[in-house]
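Trainee: I am new to this structure. Could we go through the terms and what backs each one?

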Amino acid sequence: MEAAERGATHIADRVVAKIASQAAREALRGTEPGAGDPEGEDRRPPYATVAVRDDSARVRVSVELGYPSDIRAQCGAVRRRITERVGELAGMDVPEVAVTVERLHSADTRRAGRERVL
């Protein structure tokens with residue numbers, strides 16, 4: 001009997017969401033100018049939710065970005081990285097990644113020690 005005929009593998013939505021969150025974090029690390037870690041003192045890590053159906057996952061991810069920055073480029077990098085990592089690690093197609101920018105953080109306000117959010 002072939003391996004595919006012996007059973008099925010199901011990956012929980014929350015597992016795929018963790019992969020997507022980590023992928024978004026990785027993408028932001030590579031796109032924010034001068035940022036080694038996208039989660040500064042007052043920045044929350046990316047948060048993802050997914051809907052898995054068959055072998056595909058639709059992803060929604062919320063991120064916080066530095067300001068000023070190329071928001072469109074950062075969101076594009078997040079989409080590409082999530083699609084790539086979910087495909088590699090979970091073997092799923094990702095036809096849709098919706099990125100929501102929840103907050104923008106100004107480097108000037110962080111340096112001044114103020115907790116202002118733009």
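Mentor: Start with pairing: two strands pair if DSSP finds at least two bridges between them. Keep in mind that this is a predicted model.

Trainee: What makes β2 and β3 a pair?

Mentor: Eleven bridges join strand β2 (residues 56-67) to β3. The definition asks for at least two, so they pair. The two strands run parallel. As one example, Ser56 has Asp93 as its bridge partner in β3. Between β2 and β3 the chain passes through helix α2 (residues 71-90), and this β-α-β crossover is right-handed.

Trainee: Why is that crossover called right-handed?

Mentor: Point the strands away from you. A path from the first strand over the helix to the second that runs clockwise is called right-handed. The crossover from β2 through α2 to β3 is assigned that hand.

Trainee: What makes β1 and β3 edge strands?

Mentor: The three strands form an open sheet in the order β1-β2-β3, with mixed pairing. β1 and β3 each have a single partner strand, so one side of each is left without a neighbour in the sheet. From one strand to the next, the twist averages 15°. Helix α2 packs on the sheet, touching β2 and β3, and its direction makes about 140° with that of β3.

Trainee: Why is His105 called buried?

Mentor: His105 has a relative accessible area of 0%. Buried means under 20%, so His105 qualifies. This residue sits in strand β3 (residues 93-106).

Trainee: What makes the link between His105 and Glu64 a polar contact?

Mentor: Their side chains are joined at 2.8 Å. The limit is within 3.5 Å for a pair of N or O atoms, one able to donate a hydrogen and the other to accept it.

Trainee: And why is Ile11 called partly exposed?

Mentor: Its relative accessibility is 26%. That lies between the 20% and 50% limits, so Ile11 is partly exposed. Ile11 lies in the segment before α1 (13-31).

Trainee: Which residues does Ile11 contact, beyond its neighbours within four places in sequence?

Mentor: Val16, Ala90 and Met92. Ile11 and Met92 are 81 residues apart in sequence, with 9.7 Å from C-alpha to C-alpha.

Key. Residues are numbered from 1 along each chain as its sequence is written. This is a predicted model: local features need pLDDT of at least 70, side-chain atom pairs count only at pLDDT 80 or more; totals for chains, interfaces and linings use all residues. Side-chain values use heavy atoms; hydrogens and water are left out. Helices (H or I, at least four residues) and strands (E, at least two) are DSSP runs, numbered from the N terminus. Buried means under 20% relative accessible area, exposed over 50%, partly exposed in between (1.4 Å probe, protein chains only). Contact means heavy atoms within 4.5 Å. Axes are lines fitted to C-alpha atoms, for helices over the stretch in contact, and angles run from 0 to 180 degrees between N-to-C directions.
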